[in-house]
Amino acid sequence: MMANNPLETVCVIGLGYIGLPTAAVLAQAGKRVTGVDLNESVVESVNNGRVPFVEEGLETVVAGAVARERLSAQTTTPSADAYIVAVPTPFKDGHAADLSFVESAARSIARQLGGGELIILESTSPPGTTEHMAEVILAERTDLSAAPGLPTSVYFSHAPERVLPGRIMIEMVDNDRIVGGTTTEASELTRDLYASFCRGELLLTDARTAEMAKLTENAFRDVNIAFANELSLIADQLDINVWELIDLANHHPRVNILQPGPGVGGHCIAVDPWFIVAAAPETSRLISTARQVNDSKPEAVLRKTLEIAERFKAPRIAALGIAFKANIDDLRQSPSRTIVGNLADELSEGTVLVVEPNIEELPSELAHRSNVQLTELDEALEQADIVLLLVDHSPFKAVDPESLRSKIVLDTKGVWDSRGRATPPRD
Ligand code: SAJ
C-alpha cells in the first residue's frame with residue numbers, strides 16, 4: 001500500500017515542453033524516471049542527453065540526469081510507482097478538446113498497474129477529464145478500484161502545469177501548484193511527490209476544480225490581452241499612439257493593461273479558453289469574445305501591411321519574427337507565422353524577408369515559396385522598404401530605431417516606439 005510506497009519510480013508520458021522538464025526535475029530530485037514518447041527521435045535525443053527544443057537551462061539538467069542514470073527514455077510505457085501524463089490536448093473542430101492522446105496514454109498505463117500506483121494528469125484538460133481518464137483505466141482493469149486504502153486501489157489526480165515557456169526551469173520549481181485528486185488520498189500522494197522538487201506552495205483541491213483553475217488562469221490572460229488588442233485597433237482608428245495610451249493609463253494604481261501585439265499564439269492561451277466555452281457555451285460570452293478579438297488581430301496586421309505595401313511596385317518587407325513570442329523557437333499557433341504566410345499569398349509582387357534568429361530553416365509552408373526568404377537581421381534591415389516587427393526578440397530590441405529612419409516601420413509590439421514610455425512595458 002501507499003504508506004509503504006515512497007513513489008521512487010516515475011514514468012512521464014509525453015516528452016514535450018512540459019513532460020521533459022518535469023521528468024528532468026524529478027530525476028534531479030532523486031527519482032528514477034522513465035520518459036515515454038512515441039517519437040523515436042525524441043527518445044534518442046533524450047537518451048543522448050540532448051533536448052529537441054530550445055529551453056534555457058533544460059539541457060544541462062537532462063544531460064546530468066541521463067549521465068547519472070536517473071533518467072532514460074523509451075517508446076513504450078513501463079511499470080512505475082507513479083505516472084505523469086503530459087500529452088497534447090489540442091482542440092477539434094467546434095473547439096471541443098481532443099482527448100485521444102490522454103485516452104491512449106491511459107490504456108498504456110492500465111496494462112502496467114498492480115495496485116497502489118498514482119496516476120497524475122498534467123495536460124491541460126476540460127473539467128471532468130481526470131475522472132474520464134480514471135474510467136478508461138478502470139474499464140480495462142476491473143480488478144482495480146479508485147476507492148482508497150485497498151491493496152487494489154489506484155489513485156488519480158490532476159496537477160496542471162503553469163510554467164511560462166522561456167522560464168520553465170525556474171517556474172517548474174518556484175511556482176505554487178494546484179493539486180486536485182479524485183480522492184483526498186490521491187491529492188496527498190501527489191502533493192508528496194511534487195514536494196520532492198517544487199518549492200512553491202502545493203494547494204490541494206478536487207480534480208474538477210484543478211482542471212477549471214488552469215483554464216481560468218489562461219482565460220484571464222487571454223481576456224486581458226484581448227482588451228489591449230481591442231484598444232490598439234481603437235487607437236489606430238482614432239490616431240492615438242496605443243503604447244503611450246497604455247503607459248499613461250497604467251500609472252493609475254489599480255490599472256494594469258497588458259501589451260497589444262500581432263495576436264495571441266502558443267498552444268495554451270489561444271486554446272484553453274475554448275475548453276471553457278465548449279463546457280458552458282451559453283454562459284462564456286466574454287471569454288468567447290476575447291478569443292475572437294485576439295484571433296482577428298493577425299488579419300488586421302495583414303491588412304495594414306498590405307495597405308502600406310501598395311505604395312511600392314515590388315516591396316521588400318522585412319518580417320521580424322515568426323515565433324509565437326519573444327526569445328523562443330516555438331512556432332506553434334504563431335500569429336506572426338500566419339501573417340507572414342498570408343502576406344506571401346496576397347503580395348502580388350515583392351519579397352518577404354523573414355528574420356527569425358531562433359530557427360535554422362523556415363517551416364515547410366513558407367520554405368517552398370519563391371517570395372519568402374529566411375534572412376539575417378542586418379541584411380533584411382538594409383534591403384527592406386517596410387520593416388514589420390512581429391516578435392519582440394532581444395536582437396530586434398537592440399536595433400536602434402534611428403537606423404530605420406528611411407524605412408516604413410510597422411511595429412506591432414511597440415519595441416521601437418518609445419513615445420510616452422517612461423516605464424518599461426510590463427510582461
Ligand atoms: N501576449 C500579448 N500581450 C501580452 C502578453 C502576451 O500579446 O501582454 C501574447 C504573446 O506574444 C503570445 C501569447 O500572448 O503570443 C501567449 O504568451 P504568454 O507569455 O502570455 O503565455 P504562454 O502561452 O507562453 O504561457 C501561458 C502562461 N499562462 C499565464 O500566464 C496565465 C503560463 O504560465 C502557462 O503555464 C502556459 O500558458 C500553459 O502552458 O498553459
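The following legends describe close-up views of a predicted model.

Local features require pLDDT of at least 70, and side-chain atom pairs count only at pLDDT 80 or more, whereas totals for chains, interfaces and linings use all residues. Residues are numbered from 1 along each chain as its sequence is written, and side-chain values use heavy atoms, with hydrogens and water left out.

**View 1. Shell around the ligand.** The ligand is surrounded by 21 residues, where a residue is near if one of its heavy atoms lies within 4 Å of the molecule. E161, V163, K214, R221 and Q259 are the closest. Helix α8 gives the largest share of the shell, five residues; helices (H or I, at least four residues) and strands (E, at least two) are DSSP runs numbered from the N terminus. The shell comprises nine nonpolar, four polar and eight charged residues, with Ala, Val, Leu, Ile, Met, Phe, Trp, Tyr, Cys and Pro counted as nonpolar, Asp, Glu, Lys and Arg as charged, and the others, Gly among them, as polar.

**View 2. Pairs of polar atoms at the ligand.** An N or O atom in the side chain of K214 is 2.4 Å from an oxygen atom of the ligand. For N218, a polar side-chain atom lies 2.7 Å from a ligand oxygen atom, and for F324 a polar backbone atom is 2.8 Å from an oxygen atom of the ligand. On its own the ligand has 770 Å² of accessible area, of which the protein covers 90% (Shrake-Rupley method, 1.4 Å probe).

**View 3. The second largest pocket.** This pocket has a volume of about 760 Å³. On a 1 Å grid over the protein atoms alone, a pocket is an open set of points with protein on both sides within 12 Å along at least five of seven lines, and a cavity is a set where a 1.4 Å probe fits but cannot get out; lining residues have an atom within 4 Å of a point. Volume is the space filled by probe spheres set on the points, which are joined across faces, edges and corners. Of the 27 lining residues, D236, W243, K304, D411 and D417 lie nearest the centre of the pocket. Elements giving two or more residues to the lining are α8 (207-237), α9 (242-249), α11 (285-309) and β13 (408-411).

**View 4. The largest cavity.** About 30 Å³ of space lies in this cavity. Its lining consists of E161, R162, V163, E171, M172, N175, D176 and R177, that is, two nonpolar, one polar and five charged residues.

Definitions and conventions
Polar contact = N/O pair within 3.5 Å; in protein donor to acceptor, adjacent residues only side chain to side chain.
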